[in-house]
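Come along and check each entry against the picture.

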Amino acid sequence: MEVNNKFTMNMPAKSANEGFARACIAAFAAQLDPTLEEVNDIKTAVSEAVTNCIVHAYKEKIGKIYIIGELCDNNTIRIKIRDMGCGIENVEKAMEPLYTTVGGERAGLGFAVMQSFMDTIKVRSVVGKGTSIVMTKRINRRINING
């Protein structure tokens, strides 16, 4: 996929920044003229990925979250979210619905939510070095009925 536009940002892994990340991605994705539903899907997936960084990657400290947004050919947005935290020991197990390492109020649905709202999701992780999530979503072009 050819990249037509791109932005990068990083932020401390704090709960207060989750909404900011969502808003930035939504504003960037607006260039593709998505429907409200498509924007909400993207925002929800980003929210889940960022929250995973905050809750799971940096358990005893506040690390950084790195986000890259790319607008690609074929009206597709690609979002990369990376941390340099503890990593995931078993990615396949972590992606199972209801699996969580934290317990309590956490439902263990983060990856399932990301998968349901995005077209693709790829997760790479190295224990002790961090996790990288790459998600894509193709935005359906709307037909202009006025000509």
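Below are my entries, in the order I looked things up.

**Entry 1: confidence**

I started by noting that this is a predicted model. I looked up its confidence and found an average pLDDT of 87 for the protein. I also wrote down that 84% of the residues score at least 70. Where is confidence lowest, and where is it highest? I found the lowest mean, 69, in helix α3, residues 91-94. The highest is in β2, at 98.

**Entry 2: the buried side of helix α1**

Next I turned to helix α1, which covers residues 16-29. I listed its buried residues as N17, E18, A21, I25, A26, F28 and A29. A handy reminder for reading such a list: an α-helix has 3.6 residues a turn, so residues three or four places apart point the same way.

I picked M11, which lies in strand β1. Is M11 buried or exposed? Its relative accessible area is 4%, and I need the cut-off here: buried means under 20%, so M11 is buried. I then looked for its contacts, leaving out residues up to four places away in sequence. M11 touches N17, F20, A21, G63, K64, I65 and I67. Two of these names, N17 and A21, were already in my list of buried α1 residues. I also looked up the pair M11 and K64: they are 53 residues apart in sequence, yet 5.5 Å apart in space, C-alpha to C-alpha.

**Entry 3: salt bridges**

I kept one general idea in mind: side chains of opposite charge can pair when their charged atoms come close. How many salt bridges does a search of the whole structure find? It finds five.

I looked at E70 and K6 to begin with, and their closest N and O atoms are 3.9 Å apart. E70 sits in strand β2 and K6 in strand β1, so this pair ties together parts that are 64 residues apart in sequence. E70 is buried, at 4% relative accessible area, whereas K6 is partly exposed, at 47%.

E70 has another partner, R78, with closest N and O atoms 2.6 Å apart. R78 counts as buried, at 16% relative accessibility. I noted that salt bridges with shared partners join K6, E70, R78 and K80 into one network.

I also looked up K137 and D41, which form a salt bridge with closest N and O atoms 3.5 Å apart. K137 is in strand β5 (residues 130-138) and D41 is in helix α2, so to speak two distant parts of the chain, 96 residues apart. Both ends are buried: K137 at 9% relative accessible area and D41 at 12%.

**Entry 4: how β5 pairs**

How does β5 run relative to β3? The two are antiparallel, and seven bridges join them. In this pairing I found I77 opposite K137. Strand β4 (residues 120-126) also runs antiparallel to β5, and seven bridges join these two as well. Here K122 has V134 as its bridge partner in β5. The hairpin of β4 and β5 has three residues between the strands, and G128 there takes a positive phi near 85°.

**Entry 5: positive phi without glycine**

The glycine made me curious about phi elsewhere. I reminded myself that most residues other than glycine have a negative phi. Then I found D33, which is not a glycine but has a positive phi of about 55°. D33 is in the loop between α1 and α2, and it is partly exposed, at 46% relative accessibility. N74 is not a glycine either, and its phi is positive too, at about 65°. I located N74 in the loop between β2 and β3. N74 is partly exposed, with a relative accessible area of 48%.

Note on methods:
Residues numbered from 1 in each chain as written. Predicted model: local features only at pLDDT ≥ 70, side-chain atom pairs only at ≥ 80, totals over all residues. Heavy atoms only, no water. Buried < 20%, exposed > 50% of the residue type's maximum accessible area, 1.4 Å probe, protein only. Helix = DSSP H or I, 4+ residues; strand = E, 2+ residues; numbered from the N terminus. Contact = heavy atoms within 4.5 Å. Salt bridge = Lys/Arg side-chain N within 4 Å of Asp/Glu carboxyl O. Pairing = 2+ DSSP bridges. pLDDT = per-residue confidence, 0-100.
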